[in-house]
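Please take a first look at the sequence and the structure below, and then follow the paragraphs that come after them.

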Amino acid sequence: MSQLPVVFKRELASYFATPLAYVFIVMFLVLSGVFTFYLGGFYERGQADLAPFFDFHVWLYLLLMPAIAMRLWAEERKSGTLELLMTLPITRFEAVTGKFMAAWVFAGLALLLTFPMVITVNYLGDPDNGAIVTAYLGSWLLAGAYLAIGSCMSALAKNQVIAFILALSLSFLFIVSGLPMVLDMFSSWAPQWLVDVVASLSFLTRFSSISNGVIDLRDVLFFVTLIAAWLAATAVVIDLKKAD
Amino acid sequence: MIELKHLTKRFAQHTVVNDLSFRVAPGEVLGFLGPNGAGKSTTMKMLSGFLAPTSGTASVFGADICSQTLKVQRQIGYLPEGAPCYGDMTVRGFLDFIAEVRGFRGAQKLQAVDRVLAQLELEPVQRQTIDTLSKGFKRRVGLGQAILHDPQVLILDEPTDGLDPNQKHQVRQLIKGLAQDKIVIISTHILEEVSAVCTRAVVIAQGRLVADGTPFELESRSRYHQAVSLVSDEALDQAALAALPGVAGIEQNEREHSLTLLAKPGEVIFPQVNELVRARGWAIKELDVERGRLDEVFRSLTRGEVA
């Protein structure tokens with residue numbers, strides 16, 4: 001456990017070593033602003049909450065989180081540093097978790113920089129700030145789930161672009177699994193429990209209550225489990241594909 | 001002490017390392033030789049804990065590479081092939097990272113990093129990012145990361161590959177300096193390197209061990225071992241030379257009036273040749289006794305022929 005912060009620190013610093021990090025943060029802030037004010041109709045709704053801001057995170061992250069995660073392992077494999085990292089006295093757990101945490105904290109930083117949104121809504125009205133904090137935490141959890149999927153896909157591919165596309169496709173499945181058109185496809189032949197399982201995997205359904213400020217322990221558990229499972233898968237994939 | 005016990009690695013159907021067994025004791029600099037694809041790198045990757053063997057195992061000072069991987073990795077310094085480093089980090093930043101992973105903190109870390117920077121003459125570039133450095137510097141950064149924790153075992157995969165002659169010399173001096181009481185394993189296909197730094201050479205071909213001995217022993221397996229080369233201004237009496245006791249054969253060299261007399265295995269022919277030269281009064285410009293040609297031994301060994 002002792003080397004986890006070392007791996008974390010190096011990885012986080014490497015995000016800021018290139019201008020990419022700043023470009024990403026600007027992109028994130030601009031897009032979340034556009035979504036909130038134009039698509040979400042923040043002013044037109046006339047309500048003092050951040051629902052239009054959080055509602056779009058599921059879609060916004062679909063594009064942006066794979067971009068953060070794609071370099072995690074693909075880059076190491078390509079430059080050969082994977083061999084260096086894996087022959088240092090670090091456990092697989094420390095390496096996988098440390099790198100993931102770095103990506104997650106980076107996403108968290110980007111998320112924190114949306115604070116003017118909170119100031120705005122507090123200036124205009126009298127929102128439930130507890131619900132906003134809850135929604136922020138939920139959004140960060142959601143980002144973690146996307147990143148864990150991205151981490152595994154990055155371990156699978158040597159090429160960052162392929163890692164990005166794989167992560168995006170897989171994450172997309174986790175969104176649409178809650179949409180009626182997908183569920184209808186299952187309900188005609190599959191037993192009800194399977195339909196329920198598919199529906200319960202959806203980020204949309206899981207996140208909708210959180211984004212409204214309602215924390216259900218089951219939803220939190222869902223995201224935490226999902227993150228842990230994908231990180232475990234990352235470790236397995238790295239072990240399997242080391243020799244390539 | 002490193003001990004390989006029937007170490008084997010298979011990829012799909014292809015056996016890369018086949019039942020490799022040998023021991024290396026402290027103080028030895030082991031040259032690990034073989035043609036490309038012979039399994040040198042794969043063996044080193046197994047020793048460093050990067051790849052798991054298909055069967056067999058190895059131990060480093062009693063710690064098994066499969067079941068006690070972390071313990072092994074703490075004891076060894078490893079330079080992977082091509083010396084990969086995090087290119088976006090500065091030299092000092094990178095070495096700081098390695099030091100922290102190796103458990104150094106605070107003043108200890110500073111001391112360890114400073115020592116390595118001085119030892120490898122990296123101080124002038126310590127604030128530069130690794131991507132901006134020349135190949136020689138990058139290689140030294142890679143070496144620096146391997147020796148930072150003053151390991152008992154150093155495993156270096158082609159440490160001088162792609163360096164210029166001065167840099168090669170420098171790296172070899174460094175390895176010699178480090179080797180006093182440690183185990184050093186170097187893979188290479190540069191044979192002069194073996195004579196220059198190694199106390200022992202292990203040759204593998206197609207994953208199998210084909211020779212194990214000191215560089216001198218390997219050289220003596222050459223058919224040029226104890227051969228005598230002559231260069232003269234005038235034509236030499238080949239029949240008289242060939243008739244000398246112990247001479248196995250004569251080879252014409254490309255230079256005019258230049259001959260190489262091969263010795264029968266285990267025999268020394270220089271005194272006889274010298275005697276004949278004096279008796280005939282030949283004007284000899286050059287007279288050499290060869291130790292043996294490593295490249296020739298290497299070729300015959302790795303092609304499966306017996307030297």
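Why is strand β8 (residues 183-188) of chain B largely enclosed by the rest of the structure? Six of the six residues of β8(B) are buried, so the strand is largely enclosed, where buried is defined as having 20 or more other C-beta atoms, placed from the backbone, within 10 Å of the residue's own, and strands are DSSP runs of E of at least two residues, as helices are runs of H or I of at least four, numbered from the N terminus. This is a predicted model, in which local features need pLDDT of at least 70 and side-chain atom pairs count only at pLDDT 80 or more, while totals for chains, interfaces and linings use all residues. Residues are numbered from 1 along each chain as its sequence is written, and chains are lettered from A and ligands numbered from 1 in the order in which they are written.

Ile183(B), Ile185(B) and Ser187(B) point one way from β8(B), whereas Val184(B), Ile186(B) and Thr188(B) point the other way. Strand β3 (residues 29-33) of chain B runs parallel to β8(B) and is joined to it by five bridges (strands pair if DSSP finds at least two bridges between them), with Leu30(B) opposite Ile185(B). Five bridges also join β8(B) to the parallel strand β7 (residues 153-157) of chain B, where Leu156(B) stands opposite Ile186(B).

Turning to the two chains, their contact takes 19 residues from chain A and 19 residues from chain B, contact meaning that C-beta atoms, placed from the backbone, lie within 7 Å. On the side of chain A that touches chain B, the largest share, five residues, comes from α7(A).

Methods. Buried ≥ 20, exposed ≤ 12 C-beta atoms within 10 Å, placed from the backbone.
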